[in-house]
Amino acid sequence: MENNKICTILGAGFIGRYIIKHLDRKGYRSIVISRNPFRKNYILTQARTGYVNIVKFNYTEIKKAIQKSDYVLNLIGILGPSKDFFKIHSELPDYISKLCAESKNVQRLIHVSSIGASKNSKSIYQQSKFSGEEKILNNFSSGIIIRPSLVLGTEDQFTNLWGKLSIFPILPVFNYRFQFQPIWVDCLARAIVNAIDKGNEGKIYEIGGEIQISFGNLVKDILKIIGKKRIVLDVPLSIGKILGSIFQLMPGRPLLTKDQCLILEGKHNIVSDNYLTIKDLGITPANVEKKMSEWLVQYKEGGQFSKV
C-alpha cells in the first residue's frame, strides 16, 4: 500500500519503533527526530528501505521536517528530572503546534500525553502534561490528544525493572492498591496510527487495556510469570516520598522520585467515562498478562532455556 504521505515523529524510543512499523504497512514515509540518532539505527529496520529518515533533534530540524509533513506525531516525554518537565511536556508542544498551525501541509497533530494529566494534580509531571495538552489544542485546531495508561512491552521500564528487582527476597510497593489499566505497546501504536485517518480533531482519547489491576497485583503477576516467590510489601507513601527525595539527589536515573509518589497518591491510572477510548479507534486490546510472558522469560531461572 502506497500513499506517499509523510509523518514527522518526534521521539524514537519505546513507542516510536512500533508506530513506524504500522505507518510503513499503510504506506507512510517517516521522518524521525531523535536526540541520539546514531543510537537509533534499529529504527531503520522497522520499515522498508528508504521509508524512514532519522535526523538529530534540534529546533531547525524540527521546523524543516514539519514544513514538508502531512502529519506530525509528538511522542516525546520524560520521567525526570522534574525541573525539565514543563520544558519538555509544555514548551516543546507549544513550539510544535505553532509550527503545525503555520504549515500549509500538516493535516493533523497527534500528541501523546498520559492518563492523569491535570492542572490540579500535586505532581509536576501531570501538571506539565496537562499544560502541553492545552498548548496543542489552543494552537492547532487539528490537534488530537492520546492519553495512555501504563504502557507495557518488551522494552518497557516497568516490567523489566521488577524482573531485575526479583533477585531480592522482599519487593516494596508504594500504594499497593493503586490501579493501572495496562496497554500493550503494539495496541497503542496501532491506535495512534488509526487516529491519523479519523475525523477527530480536538478530541482526547484515553487508552487502556481490558483489565484494571492494582500495583501490587501487577508485581505479583510478574513474579508468577517468571516463577519466583517473593514477599510483595505494601509500604506507606510517606516513606516513599522520603526515599524518593533522597534517590533523586543521587547520580543516574533514580528508582523512585517524590513526584512519582505524588502520582501514586492521586487518582487511579485508569480510563474514565469522559473521553473517547481505544475502541473508538477500532482496536480491541490484547491480553497484556499473556503478552508479558513473551518477554519476561529472560528473568526465569535458566532464562529462555527454563522449563515451560
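**View 1. Ala101 and the residues it touches.** Apart from neighbours within four places in sequence, Ala101 is in contact (heavy atoms within 4.5 Å) with Asn139 and Phe140. This is a predicted model, in which local features need pLDDT of at least 70, side-chain atom pairs count only at pLDDT 80 or more, and totals for chains, interfaces and linings use all residues. Residues are numbered from 1 along each chain as its sequence is written, and side-chain values use heavy atoms, with hydrogens and water left out. You will find Ala101 in helix H3 (residues 85-102); helices (H or I, at least four residues) and strands (E, at least two) are DSSP runs, numbered from the N terminus. With a relative accessible area of 43%, Ala101 is partly exposed, a class between buried (under 20%) and exposed (over 50%), using a 1.4 Å probe and protein chains only.

**View 2. The buried face of helix H8.** Here we look at H8 (residues 237-247), where Leu237, Gly240 and Gly244 are buried. Down the axis of H8, these buried residues fall within an arc of 45°, so they line one face of the helix; the arc is taken from the directions from the helix axis to the C-beta atoms. Their cover includes strand E8 (170-174), strand E13 (231-235) and H9.

**View 3. Residues around the second largest pocket.** Twenty residues line this pocket, and Gly116, Ala117, Ser118, Lys267 and His268 lie nearest its centre. A pocket is an open set of points on a 1 Å grid over the protein atoms alone, where a 1.4 Å probe fits, with protein on both sides within 12 Å along at least five of seven lines; lining residues have an atom within 4 Å of a point. Helix H9 (residues 258-265) gives the largest share of the lining, three residues.
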